[in-house]
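Dear colleague,

I am handing over the structure below, and after it you will find what came out of going through it. Please read the notes with the coordinates open beside you.

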Amino acid sequence: MSKFFFQLVIVIHVFACVWYFLACPLNECSNEANWMKHQDLLDSPALSRYCTAVYWVVATMTSTGYGDIHGDNSLEMALASFVMVFGKLLFGFILGNIASTLANAEIRRVKYEEKLGAIQAHMTDQNIPGTLQSRVMNFYEFIWNKNRGIEHGTLFYDMPLCMNGELCLGMVKDTLYAVPLFESTDLPFIRLLCTKVKPAHFYANEYIVRKGDIGQEMFIIRKGLVEAVTDEDPPEVIETFEKGDFFGEICLIHASPQKVSLRAVTHVDMLVLSKDDLDAVLVHDQSVATLVSDVAERLYPTPSKTK
């Protein structure tokens with residue numbers, strides 16, 4: 001919208017300058033018949049004459065003019081005719097683009113509402129409790145307000161692998177290197193691993209994982225606050241995580257039950273790396289796989305080796 005407005009201002013300014021120039025070439029106003037003499041503006045300040053020219057351009061482009069300012073010679077009449085035709089075409093183009101933009105946004109909204117309707121119907125058919133249905137619908141409404149129907153996780157799938165790696169590397173490189181498992185790995189491995197990290201969003205006050213769930217993912221916080229809480233009622237806060245923190249890295253090595261529950265305090269944006277994705281990357285580099293395995297055995301020994 002701002003782009004169209006800026007283009008319109010430029011066009012109006014250019015036509016106003018040309019209209020002004022026809023009456024006052026090089027700012028030397030002529031006594032011959034012209035629009036400025038007809039309006040008794042020859043002795044007026046330059047700014048007043050320019051504002052009058054702008055008014056004429058706007059009136060002529062948006063309609064056929066009001067007749068209060070009109071061409072008094074052949075050049076002025078020719079310019080007026082051109083501005084009238086050009087104005088209709090320009091405004092038609094701008095309004096068409098605005099209508100197209102709004103229509104495309106509405107198409108995404110209609111498709112998303114169809115999805116929500118199907119989800120609502122399915123939950124009702126399966127006799128899902130009303131409170132849980134409300135939480136599910138609130139989550140999808142939150143996702144719509146955040147993404148407007150665009151799947152951010154698939155935005156870069158058609159990008160060349162090298163470029164996609166550089167893009168993902170810029171987002172999570174420092175965080176992955178801060179994980180003890182990966183701090184000694186080389187850059188090519190981290191670059192490939194970054195492409196496996198997926199975005200995830202969590203609604204405020206919803207649980208990310210619950211104690212006892214079998215964990216297979218590591219979470220990296222991009223925005224928001226997360227609390228580790230007990231199972232008591234009300235739950236007791238054990239630890240708070242914020243932007244840049246990560247948790248669940250042990251689940252990348254051992255798919256084990258979660259020791260605490262994790263709950264979103266605010267709306268949280270995260271990046272998630274799964275055990276399956278890590279294993280898929282390690283297959284391509286045996287030396288890194290051995291290095292990660294050695295570090296994992298030292299930091300997170302298997303239960304059988306701790307007895």
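Ala 228 has Leu 262 of E7 as its bridge partner, and, in this predicted model, four bridges in total join strand E4 (residues 226-229) to strand E7 (residues 261-264), the two running antiparallel. Both strands belong to an open sheet of four strands, ordered E2-E7-E4-E5 with antiparallel pairing. Because strand E2 (207-209) and strand E5 (237-241) each have a single partner strand, they stand at the edges of the sheet, and one side of each is left without a neighbour there. From one strand to the next, the twist of this sheet averages 30 degrees.

Another open sheet, also described by four strands and antiparallel pairing, has the order E1-E8-E3-E6. Its edge strands are strand E1 (198-202) and strand E6 (246-247), each of which pairs on one side only. Two bridges join E3 to E6 in an antiparallel arrangement, and in E6 the bridge partner of Ile 220 is Phe 246. Helix H8 lies across E1 and E8, and runs at about 45 degrees to E8.

Turning to the nonpolar cores, the largest has 27 residues, and those with the most contacts inside it are Leu 176, Leu 181, Phe 182, Phe 189, Leu 193 and Met 218. At least two residues of this core are supplied by each of helix H6 (161-178), helix H7 (187-194), strand E3 (217-223), strand E8 (268-274), helix H8 (275-282) and helix H9 (286-299), with the largest share, five residues, coming from H9. If neighbours within four places in sequence are left aside, Leu 176 is in contact with Phe 182, Ile 190, Leu 193, Cys 194, Met 218 and Ile 220. There is also a second, separate core of 24 residues, which includes Leu 8, Ala 16, Trp 35 and Ile 98.

Finally, there is a helix pair to look at: helix H1 (residues 2-23) and helix H3 (residues 46-62) pack at an angle of about 120 degrees, with their axes 8 Å apart, and their crossing is right-handed. On the H1 side the contact includes Leu 8, Phe 15, Ala 16 and Trp 19, and on the H3 side it includes Tyr 50, Ala 53, Val 57 and Met 61. The residues of this contact divide into 16 nonpolar, one polar and one charged.

With best wishes

Note on methods. Residues are numbered from 1 along each chain as its sequence is written. This is a predicted model: local features need pLDDT of at least 70, side-chain atom pairs count only at pLDDT 80 or more; totals for chains, interfaces and linings use all residues. Side-chain values use heavy atoms; hydrogens and water are left out. Two strands pair if DSSP finds at least two bridges between them. Axes are lines fitted to C-alpha atoms, for helices over the stretch in contact, and angles run from 0 to 180 degrees between N-to-C directions. A crossing is left-handed if the near helix is turned anticlockwise from the far one by less than a right angle, and right-handed if clockwise. Contact means heavy atoms within 4.5 Å. Ala, Val, Leu, Ile, Met, Phe, Trp, Tyr, Cys and Pro count as nonpolar, Asp, Glu, Lys and Arg as charged, and the others, Gly among them, as polar. A nonpolar core is a set of buried Ala, Val, Leu, Ile, Met, Phe, Trp, Tyr and Cys residues joined through side-chain atoms within 4.5 Å. Buried means under 20% relative accessible area, exposed over 50%, partly exposed in between (1.4 Å probe, protein chains only).
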